[in-house]
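Subject: Handover of a structure for your review

Dear colleague,

Please find below the structure that I am handing over to you. My notes on what was found follow it.

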Amino acid sequence: MHRFAKFVAALIVIGSLLTASSGLFEDWLWFKDLGYTQLFWTPILSKALFQAVNGTILFIFIAGTLLSVRHAIVTFVNERLRLRLRLVQDMNSKVLSLSQRRVTVWLLVISAIVSFGVSFVAGFTGWLDVLSFIHATSFGQVDPIFGKDLSFYFFQLPFLKTLFNAFFGPLFLLTLITTIFYVVTGVLRFHSSKLWQKGAVEISASARRHLALLIGILFVLKTFGYYLDIFQLLYSIHGHVVGAGYTDLTATLPALKILVLLSALGFILACTSMGFKDSRLLTLPVVGIISVAILAYGIFPTLLQSFVVIPNELSKEQPYIQNEIALTRFGYGLDHISEINYPGNTPITISALKADQGTLNNIRLNDTRPLMQTFTQKQGIRLYYKFNDIDVDRYMVNGEYRQVMIGPREISTPDLDPKAQTFVNMRFKYTHGYGVAASFANAVTSEGLPSFAVKDIPPVSDFPELKITEPRIYYGELTNDWVVADTAVKEFDYPQGDTNAENSYQGKTGIPLTPFNKLMLSLSHGTLRFYLANEVTSSSKMLVYRNIKERVQKLAPFLTYDSDPYLVIDGGHLKWIIDAYTTSDALPYSNQYPGQGYNYIRNSVKVVVDANDGTVDFYAIDSKDPILETYMKIFPGVFKDLASMPASLKSHLRYPETLFTVQSTMLKTFHMTDPSVFYNKEDAWDTAKELFSAKPQDVAPYYTIMKIPGEDKPEFVLMLPFTPASSETNTRNNMVAWMAARMDGQHYGELSLFKLPKNTEFDGPLQIESRIDQDPDISKQLSLWDQKGSSVVRGNLLALPIGGNFLYVEPIYLQSDNGGSIPEMKRVVLAYQDHLVMTDNLGSALTQLFGDGTPQPTTPGQSTPAPVSVPVPTPSTQAQAPTGLNATNITSIIDQMNQIRTLLDNLQTQLKGLQSTPSQTP
């Protein structure tokens, strides 16, 4: 029975250990499967080493301190026991001897728990600081105050702060507790609050030496801490300056230098006090440091800021404002923006339009917001298929550069019928999405719906560049659960008439379900289904971390990832591209981006994830980024060179909208490089605004294909217009500039800011929106449509630079108020200078603006652009009620009403004319 109990206990211990380590084991299997074991072991071993070293040092200090007061602890406890229990004198020695052994064990245990507990927290968060310190890469640029390379602030200062925090806090608490213990036990007595007087403190020789050692170590650490605080001044904020300003360098910096000297002197006096009985050698340095810190480090800088700097802020802070401007522009890459003057008022000629045929062919009429509803309604196929978003990209189609809107069709198992959400269905059967829906940016049918370039299941396309040979999406933005693939149960592929097409997973990745792996995965996920399910075979694989954002975050958590991955069709395969950033808050003088906590950002990495098999590749696209260079030293072999990326994928790299938005936000203020202009915010900008749902909102950066001024070929660019900053009393919506990010070929990553002449007013998008609302014919039409039963949806208003001027385009959609209706594009509004037209299609609008001979936009697969026609009422159609209420029927009814109104107006005019004619006597 005794052996059986031991056996059961052993099983419980082994089971507990296996359960505790099962999650870590699963991660190791997963990292190994993807070929990134280095990303698994480097953090773990680094944390363990740092924790061991830090914990050992703290253990020596804490255990040494506690053991040095062991006898005092035992004596104090025994005295209390003797008073309470009235023990006989001959038992004291036995109790004392026994207590010392027990106290020694307990003190060692407490020391180990505290020291390694503190080091565990420090090591868990500080391992990357240690490795970055060891592998630091120079920036080749120094700070403007102390002349140190910026790498000191990115890689060395964080490590030194981690080191200081790891030791100072625990040792300070240890010293405080030791002092309190000496006071409680009577070893340390205070006879006066005037610590600078002789005899104010009474302490035993051994306690004095002990405290002198602890206080001396604290003085050394504090000297080090005040030294680090000197460099921390470059992050301070006073008044209008981010970074060290006049007060910091005139008052705070000298105070910190004095505190460094006082702390060093305190260490010397603490060491000296070990050989002298005068306790003032310990108390006076502490009192002096506290006094100087309050006066010189706290009060004096505040007075200087209030009475000297604020009344003369611009003159005092001007050189430091210049530092702030320069380093903030560097932190966000604004210093590489090329500024170009754009006329904005050059007349657009027919020849200019012909030269910009590529721009006309890609004017986006399919707005992403209505397009999402259309894809869902027309290409969702089943309730369990879902389009998470619409991705904008470009492809060479039939030899022409075309902008394409792509929506991945992912599986959404929560949308299965509740009765169908069984374990087998959720884990073995419904494992993947299927294919995409895609439309060209300007392709609209006669019904006002997008014309599909890729559609249906299996995906069908008339264009070889968009054909898909491997449409299965096992890894995406909605695949949030683990599944077991390649089981005895065939996986659902897509609906096919009365049956379903089925398939088995053939991808490279996946954790093989060997007997031991089954055991550990069962413990990790708390299920026996891996053993009980007959569907699991020896060839089955477990697919985990299938959400692509979670997948890359798990692999490389030290990078910051874009929230909007996008899908590309690459040689018939579906690939996700995720933008990854190196970010930091360590750049001196640089302003932090609002709500994000960083003041330095670079899009240095592109991550490619195969939607079918989940393989992940990290590509370094900015080898000049010192942070990425440091990571490449820490994790050699993880980041591939951009040259190794296939050319077919490289042609789909986009300048990320997130980074562009960040840069645009900072540029609104930091395009001003003159300190005086910057201080007074004389030329601050704002993002242009447009109308959506009848409310002004910021124009979102938009991708388009256009010809950059001065270039010969159309390019895929990301652009955004700017207007002057507005106040509550002064609103200005005229355009002052626009910025474009280039991303084709060797021009990838180039930013150009096109500034408009300041002596001329140029309409901004919101002003064009106002002109649309104020146009009698257009506003009357929109008002008639926007009545009960239907609503008008206004698409993005695009400001397109063409031929030294601007062409403004806004698609108009009509949507029935019935639930589940699809927005249909019914009109296109074009604005150019003082001209404003609204027609059925883009080609006729261009002709009305620029006359006969205007080049017409083309769409792949169509010889001419498909007109958006409105049915002309006939007597037969007028006599019949519409069979169903939709956007087309509503348009027809309203047009009939308009014709009747026109007839009545003409009849009324004729009647007035008859009444005004004088009657003649026969």
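Is I381 buried, partly exposed or exposed? The model is a predicted one, and in it I381 has a relative accessible area of 35%, which means that this residue is partly exposed, since the cut-offs are under 20% for buried and over 50% for exposed. The location of I381 is the loop that runs between helix 12 (368–379) and strand 6 (385–387). Its backbone also deserves mention: I381 is not a glycine, yet its phi is positive, at about 65 degrees.

A positive phi is likewise found at Y545, a residue other than glycine, with a value near 50 degrees. Y545 belongs to the loop between strand 17 and helix 16 (548–555).

Strand 17 also takes part in a sheet. This open sheet has 3 strands in the order 13-17-16, and the pairing is antiparallel. Strand 13 (483–485) and strand 16 (511–512) are at the edges; each has a single partner strand, so one side of each has no neighbour in the sheet. Between strand 16 and strand 17 (residues 541–543), the antiparallel pairing extends over 2 bridges. Within that pairing, I511 has M542 of strand 17 as its bridge partner.

One peptide bond should be noted as well. The bond from I457 to P458 is cis, and its omega is near -10 degrees. P458 is placed in the loop between strand 11 (450–454) and strand 12 (472–473).

Yours sincerely,
A colleague

Conventions: Residues numbered from 1 in each chain as written. Predicted model: local features only at pLDDT ≥ 70, side-chain atom pairs only at ≥ 80, totals over all residues. Heavy atoms only, no water. Pairing = 2+ DSSP bridges. Helix = DSSP H or I, 4+ residues; strand = E, 2+ residues; numbered from the N terminus. Buried < 20%, exposed > 50% of the residue type's maximum accessible area, 1.4 Å probe, protein only.
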